[in-house]
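Good morning, and thank you for coming. I would ask you to keep the structure in view while I speak.

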Amino acid sequence: MARPYSLSRREITLVLCSVMIFLVFYNLDTTVNLFANPNLPGISSNPTADGGLDMDIYGDWVSDERRISSVHKQQEEKEDTSQGNIWLKSDRVPEAQKQVIFGDIGVNDGFMHWGKDVPETRIVKHVAGFSIMDNVIMCNGTIFIVTDSPSSFPSLGSIASSADNSREAPLLGEWEILSIEQARDVLGSYGGLIQGASWLSYDAIPSNYTLLSLWKTHSSLNTSMSPDSFQRPRRLFFPNIPTYKGIQPDLNGPIIRRQRSDSGFHPYLPKAAFPSLGLMYKEDWEDYALMEVPFVFERLVIADFGAAARSANDMPPFTLPLVGLNASKEWWEPIRQNLAKFLRVDHHAQNLNSGQEKTVVTYISRQDATSGSRLRSGDHNALVNALETLHESNDFEVNIVSSEGPWVERLSAVAQSNVILGVHGDNLADSVFLRPSGHSALMEFFPSDVFTRDAETAVRSLGIHYIAWWNDRRFENDSFPPVAPGSDLTQEVRIDPAAVVHAILEVVART
């Protein structure tokens, strides 16, 4: 019978040591906490200059939970102290507000089975080029109006234009009117549902005022003083504007960073001023078309500048809803306040008569622009000097920002301003975000014999005073020169800085 093997004392010691080492490292955190003692050098949980090796490893940094979370705590403090702040924690948003923001649409709510009861289109609001309709149906890229009373609708040419030529009415296959019986044959008995309010900008050439026009059209649903009594838009389609410029590169080739298409506004603007609005471009529209299923827009707000231009005479096409549709007096305030809150500037209207606030004047300079008009160099310098003198009077705050500068810097200045000055150009479209006061004004400098009504009509629809300048000639209060767009070539604009400053003082003194 084999004799059993017995471990030697040395082997037993090795086994016990191995088990101990394993347990120590397996529970390293517990071990460190157990043996850590700030009074023992070299085993400190908060090393100081007493240990040489610890000093080399850790330096003199002291672990402090308050320091680690200071940025987060500062943000919380700002949330707690900032009046009207939009940066709120989700647990501080009331349930009713969550319902407004997020809605109650589930994953099974994007489908409809209507059988023979095809959803019938209803016209809600309309001026040439701008319409609100319910139950508009898109299928295979064609937009359908379903009605047995086509005479109750405006003509298709008054609603939209051809995607290939904005001067013409839409072609067959772009927009069509179907009777209910025809719709049963063409559209079938089921389809998708695009819930809520959608915006559709059908133009291939973008405009700086698209968002302003669409919001005014949408706001015509609400003529009360409450900005929250109607459904907010959820998405904006650009069916004829691709996401990116140029030809799509070979997907198997090297990665190429592509430039976004121009949508008429800075990409940051809708995210700040219309935070619940999703943007969809030509590729997204084509996805819906290629699915070969009809999609019902629960509510569609349509902007087509081509259709508007055919009825606008000498008015800019985007202005038709501004002058032709009624809305609450405060229709633009929710959007202006959204942007001001995002930029963390005062979003309240200003009362300059209180004597507690200064008049803020912002000059948007185009001297750094690579194209378009700009002030003659000598006039620019003289205007800057005159504005600095105005600033020294202690009653004025003056900002001088570049039209080519950072978006946040430029819009922050505009959103705090009472008076905006600038050379004629697309950048003055931002003037609609001026801070309201009894003295708000826009002064636009034109080359001689050039005048357009874009900025003038936009700001006057918001109650902002407007002055146009030809050198030292001043135009206001409907005594404007005839519309003469001029060319896109770079032109030097001459002004009289002393006359401009005098006009600022007059505007501010107005009661």
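I shall begin with the chain as a whole and then turn to selected parts of it.

Please bear in mind that what you see is a predicted model. The chain contains 18 helices and 17 strands. It has 511 residues, of which 43% count as buried. Among contacts with a separation of 6 or more, 69% join residues 24 or more positions apart.

Let me turn to a sheet. Six strands form an open sheet with mixed pairing, in the order β12-β10-β13-β14-β15-β16. At its edges stand β12, residues 396–402, and β16, residues 473–476; each has a single partner strand, so one side of each lacks a neighbour in the sheet. From one strand to the next, the twist averages 20 degrees. In general, the strands of a sheet pair through backbone hydrogen bonds, in either a parallel or an antiparallel sense. Here, β15, residues 465–470, pairs with β16 in the antiparallel sense over four bridges. Within this region, isoleucine 467 stands opposite glutamate 476 of β16.

Which helix packs on this sheet, touching β10, β12 and β13? That helix is α16, residues 407–415, and its direction makes about 150 degrees with that of β12. Helix α16 is mostly covered, since seven of its nine residues are buried. Those buried residues are Trp407, Arg410, Leu411, Ser412, Ala413, Val414 and Ala415. Their cover includes the helices α10, residues 268–273, and α14, residues 333–342, together with β10, β12 and β13.

Most residues other than glycine have a negative phi. Aspartate 449, however, has a positive phi of about 70 degrees. Its position is in the loop between β14, residues 441–446, and α17, residues 454–460. Is aspartate 449 buried or exposed? At 58% relative accessibility, aspartate 449 counts as exposed. Asparagine 471 also has a positive phi, near 55 degrees. Asparagine 471 is found in the loop between β15 and β16, and with a relative accessible area of 30% this residue is partly exposed.

Finally, I shall set two other helices side by side. In helix α9, residues 210–219, ten of the ten residues are buried, so this helix is largely enclosed by the rest of the structure. Trp215, Lys216 and His218 are among the buried residues of α9.

Helix α1, residues 9–26, contains leucine 23. Leucine 23 counts as partly exposed, at 43% relative accessibility. Together with Val15, Val19 and Phe22, Leu23 forms a nonpolar patch on the surface, and the four have about 370 Å² of accessible area together. As a general point, an α-helix has 3.6 residues a turn, so residues three or four places apart point the same way.

That concludes my presentation, and I thank you for your attention.

Methods
Residues are numbered from 1 along each chain as its sequence is written. This is a predicted model: local features need pLDDT of at least 70, side-chain atom pairs count only at pLDDT 80 or more; totals for chains, interfaces and linings use all residues. Side-chain values use heavy atoms; hydrogens and water are left out. Patches are made of residues with over 30% relative accessible area and no salt bridge: like charges are joined within 9 Å, nonpolar side chains (Val, Leu, Ile, Met, Phe, Trp, Tyr) within 5 Å. Accessible areas come from the Shrake-Rupley method with a 1.4 Å probe; for residues, only the protein chains shown count as cover. A salt bridge is a side-chain nitrogen of Lys or Arg within 4 Å of a carboxyl oxygen of Asp or Glu. Buried means under 20% relative accessible area, exposed over 50%, partly exposed in between (1.4 Å probe, protein chains only). Two strands pair if DSSP finds at least two bridges between them. Axes are lines fitted to C-alpha atoms, for helices over the stretch in contact, and angles run from 0 to 180 degrees between N-to-C directions. Contact means heavy atoms within 4.5 Å.
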